[in-house]
Amino acid sequence: MAAEMAMLKPVSKFTPKLGTNCPRSQHAKFFTITMSTASPQRTTAATTAAKVSKKSGKTQIQETLLTPRFYTTDFDEMETLFNAEINKNLNQSEFEALLQEFKTDYNQTHFVRNKEFKEAADKMQGPLRQIFVEFLERSCTAEFSGFLLYKELGRRLKKTNPVVAEIFSLMSRDEARHAGFLNKGLSDFNLALDLGFLTKARKYTFFKPKFIFYATYLSEKIGYWRYITIYRHLKANPQYQPYPIFKYFENWCQDENRHGDFFSALLKAQPQFLNDWKAKLWSRFFCLSVYVTMYLNDCQRTTFYEGIGLNTKEFDMHVIIETNRTTARIFPAVLDVENPEFKRKLDRMVEINQKLIAAGQGDGSPLVKNLKRIPLVAALASELLAAYFMPPIESGSVDFADFEPRLVY
Ligand SMILES: [Fe+2]
Ligand SMILES: [Fe+2]
């Protein structure tokens, strides 16, 4: 997984509170990054992750509606969906072919660091440094979220459908690499996310399998378009290259593209998720959630995008339009994001979101702050609804002859 799906939260099943005195967080070690996975079902949850500096100073990820989340699902239903005796739409030969592709492991030797990383980090100062660290943290969390979900799916589907299970395990291998590489990047800034603690302590958002398919497909594809767009921009404008991690994005994003293609194959094997009016409504809902989440998040971080020479809104609209075009190949309906009215609505949401953030800051009682927020939340909801009900574009087909090309560029 590469992108964030933070606003999406139809059902939240795992939200118990945990005290902040978790022993694991007290003793988190700087360089102990382990990619072990704990079953989300067994998870005791908390809302914070430890981030520990070399000087032992601790800070925490600030959890908001837009923070990347961890996901879990109904694994029993997943097993039913991928049981070839029950589901006659499963095209096992297609999955076999995909498995061979994942086994090839194109990026096995890609993620190798060099001394440029630390030197570049040391040179980065001021607001860009701060926002860049946040970029690394959020990206690492989003990648790690994919690792956890895919790892668990690989484990749970082993008996029912070993081929699909192995693909999930190999995708978790990719995501572990991505998260690990980003976390190594944080070490250049004398920071690290304790991913073992995150695994156990963070709350998991529950999605039914069909929602996992929509959301994860979109997350992979939007991640692909974000990475390739940044890569191509910095290749053409190397004077904006602040840190070598972006040079790795070209091959990296092909992992995300392959992951998205796998979800496309999974969706084709579940035509009930693509061929009725409910599927159209959910498709549009997930498109909107993913696009709005990205737009609002990025517009809060223009320092980062401007720091690498991009216009934040132009970059986001390019990513949204390309992702939407890709998604239209499989989803039965998508949003008309190329209608200028869609961008106008996004921009109004940004304004409202800025006011919402301002309303929560400063002095004043929580009651007063909440009262100030009510009309703003209503205005944001009304913009979201208006965007959702814009005339959609009918799209998709479950009768694809072939896969999407492996390399788009
Ligand atoms: Fe990834
Ligand atoms: Fe991915």
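User: Why is His-110 called buried?
Analyst: His-110 has a relative accessible area of 18%, and buried means under 20% (over 50% is exposed, in between is partly exposed; 1.4 Å probe, protein chains only). So 18% lands in the buried class. Keep in mind that this is a predicted model, where local features need pLDDT of at least 70, side-chain atom pairs count only at pLDDT 80 or more, and totals for chains, interfaces and linings use all residues. For bookkeeping, residues are numbered from 1 along each chain as its sequence is written, chains are lettered from A and ligands numbered from 1 in the order written, and side-chain values use heavy atoms, with hydrogens and water left out.

User: Where is His-110, and what does it touch?
Analyst: His-110 lies in the loop between α3 (92–104) and α4 (116–123); helices (H or I, at least four residues) and strands (E, at least two) are DSSP runs numbered from the N terminus. Leaving out residues up to four places away in sequence, His-110 touches Tyr-248, Asn-251 and Trp-252, a contact being heavy atoms within 4.5 Å.

User: How do you know which residues are donors of the iron ion (ligand 1)?
Analyst: Donors are N, O and S atoms within 2.8 Å of the metal (3.2 Å for Na, K and Ca), and with water not among the atoms, sites may look incomplete. Glu-143 (OE), Glu-175 (OE), His-178 (ND1) and Glu-256 (OE) lie 1.9 to 2.2 Å from the iron ion (ligand 1), so they qualify. Along the chain, these donors follow the spacing E-x31-E-x2-H-x77-E.

User: What makes the arrangement around the iron ion (ligand 1) irregular?
Analyst: Its four donor atoms subtend angles of 87 to 150 degrees. Four donors are tetrahedral if all angles lie between 85 and 135 degrees; four are square planar and six octahedral if opposite donors are over 155 degrees apart and all others between 65 and 115; anything else is irregular.

User: Which residue coordinates both iron ions?
Analyst: Glu-175 does, with the iron ion (ligand 1) and the iron ion (ligand 2) 3.4 Å apart. Glu-175 is buried, since its relative accessible area is 0%. Glu-143 is buried too, with 0%.

User: How many aromatic pairs are there?
Analyst: The count comes to 48. Rings of Phe, Tyr and Trp (its six-membered ring) pair if their centres lie within 6.5 Å; planes under 30 degrees apart are stacked, over 60 edge-to-face, the rest tilted.

User: Why is the pair Tyr-71 and Phe-207 called tilted?
Analyst: The planes of Tyr-71 and Phe-207 are 50 degrees apart, with 4.9 Å centre to centre, so the angle falls in the tilted class. The pair links strand β4 (residues 70–73) with strand β5 (residues 204–207), 136 residues apart. Tyr-71 is buried at 3% and Phe-207 is buried at 1%.

User: What makes Phe-132 and Phe-246 edge-to-face?
Analyst: That's 70 degrees between the planes, at 5.9 Å centre to centre, so the angle passes the edge-to-face cut-off. Phe-132 is in helix α5, and Phe-246 is in the loop between α8 (209–236) and α9 (249–268). Phe-132 is buried at 0%, and so is Phe-246 at 1%.

User: How do you know that Arg-202 sits over the ring of Phe-70?
Analyst: The charged end of Arg-202 is 5.0 Å from the ring centre, and the rule asks for NZ of Lys or CZ of Arg within 6 Å of the centre and within 35 degrees of the ring normal. Arg-284 lies over the face of Tyr-388, at 4.8 Å.
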